[in-house]
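Here is a friendly note for a colleague who is opening this structure for the first time. Please keep the model in view while reading the points below.

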Amino acid sequence: LKKMIDSHCHLDHEPLFNDLENIIKRSKNAGITKILTICTTLNSFQNILEIIKKDKIIYGTFGIHPHETNTNKVTKKVILDNIVNNNKIIGIGETGLDFYYNNSDKNIQIESFKEHIKAAIDMNIPLIVHSRNAEEETYDILNNFNDKKLKILMHCFTGTKEFAEKLLKLNTYFSASGIITFKNSVSLQNTFKYLPLERLLIETDSPFLAPVPNRGKKNEPSFIKYTAEKLAELKKVSSDKLIDKTSQNFDKLFLN
């Protein structure tokens, strides 16, 4: 059985949260060996602390999603206090910038992003970055910390090839989601063809963004294989090699 890792999902969201036992069972049956469930709000972190106790394959993060920054204020100290005593909380995020909707103040998003970055540097653990309609700003902020050995993972990467090229110079990792299986994502598929295999991870972002052939359904970690197969096809390698490599990359980034 293939040993896959879902590097980004939201097990605290419905319909996953109410069905965790079955979700975990189906994940294991699909060959998943690790699941990283991602924090988006202070409330969601309380649920994540419970979820990571449910099974040894589940790890968690602490972070405030850019959409939530108006109502969830955190400082570097708050972030560190929440993480420091839990060895299954292995990343900081999801943080970043999202200027697609005008539902949260840009300056507040930027401040929150910087606090997460400082915490990630202090702890020497990966920063999980969400960037939408904010490529220049995201890059400029990350680049300002370039001498600090920041570990960066661009989650559900949908950016341009130019953005990817600049981020590679910052030793960034990139995670492919089900979006790469969508027919209309040709330019994103081309970007993933270009990105080096040793910088790639796979994720579901479930319950969102179910890959083809399950598009339109509620996504879950066991659907990761469709994204793995598509990424293998784009990279012109076998599924087994793609899965081995993305799993090694996850371990190197998060568990070394």
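1. Let us start with proline 15, which sits in the loop between strand 1 (4-9) and helix 1 (20-29). Helices here are DSSP runs of H or I with at least four residues, strands are runs of E with at least two, and both are numbered from the N terminus. The peptide bond leading from glutamate 14 into proline 15 is cis, with omega near 5°. Most residues other than glycine have a negative phi, and most peptide bonds are trans.

2. A word on the source: this is a predicted model, in which local features need pLDDT of at least 70 and side-chain atom pairs count only at pLDDT 80 or more, while totals for chains, interfaces and linings use all residues. Residues are numbered from 1 along each chain as its sequence is written, and side-chain values use heavy atoms, with hydrogens and water left out.

3. Another cis peptide bond joins serine 206 and proline 207, with omega about 10°. Proline 207 belongs to the loop between strand 8 and helix 8.

4. Glutamate 203 is also worth a visit; its place is in the loop between strand 8 (200-202) and helix 8 (224-235). Glutamate 203 is buried and yet has no salt bridge. Buried means under 20% relative accessible area, exposed means over 50%, and partly exposed lies in between, using a 1.4 Å probe and protein chains only. A salt bridge is a side-chain nitrogen of Lys or Arg within 4 Å of a carboxyl oxygen of Asp or Glu. For glutamate 203, the nearest side chain of opposite charge is arginine 132, 13 Å away. In this count Lys and Arg are positive, Asp and Glu are negative, and His and the chain ends are not counted.

5. Which side chains does the side chain of glutamate 203 meet in polar contacts? One is that of histidine 155, at 3.0 Å, and another is that of serine 175, at 2.9 Å. A polar contact is a pair of N or O atoms within 3.5 Å; within protein, one must be able to donate a hydrogen and the other to accept it, and residues adjacent in sequence count only if both atoms are side-chain atoms. Leaving aside neighbours within four places in sequence, glutamate 203 is in contact (heavy atoms within 4.5 Å) with residues including Asp6, His8, Cys156, Gly178 and Thr227.

6. Asparagine 133, in the loop between strand 5 (127-132) and helix 5, has a positive phi of about 55° although it is not a glycine. Asparagine 133 is exposed, with a relative accessible area of 53%. Asparagine 171, found in the loop between helix 6 and strand 7 (173-176), has a positive phi near 60°. At 48% relative accessibility, asparagine 171 counts as partly exposed.

7. Now for a helix pair. The axes of helix 5 (residues 135-144) and helix 6 (residues 161-168) come within 11 Å and cross at roughly 5°. Helix 5 is therefore roughly parallel to helix 6. The contact involves Glu135, Thr138, Tyr139 and Leu142 of helix 5, together with Phe163, Lys166 and Leu167 of helix 6. Axes are lines fitted to C-alpha atoms, for helices over the stretch in contact, and angles run from 0 to 180 degrees between N-to-C directions. Angles under 35 degrees count as roughly parallel, over 145 as roughly antiparallel, 65 to 115 as roughly perpendicular and the rest as oblique.

8. How many salt bridges does a search of the whole structure find? The search finds 11. One of them joins the side chains of lysine 28 and aspartate 55 at 2.7 Å, N to O. This pair links distant parts of the chain, with lysine 28 in helix 1 and aspartate 55 in the loop between helix 2 (42-51) and strand 3 (58-62), 27 residues apart. Lysine 28 is partly exposed at 35%, whereas aspartate 55 counts as buried at 14%.

9. Because they are 4 residues apart in helix 6, about one helical turn separates lysine 161 and glutamate 165. Elsewhere, aspartate 19 and arginine 26 meet in a salt bridge at 3.7 Å, N to O, and Asp19, Arg26 and Glu220 are linked in a network of salt bridges.
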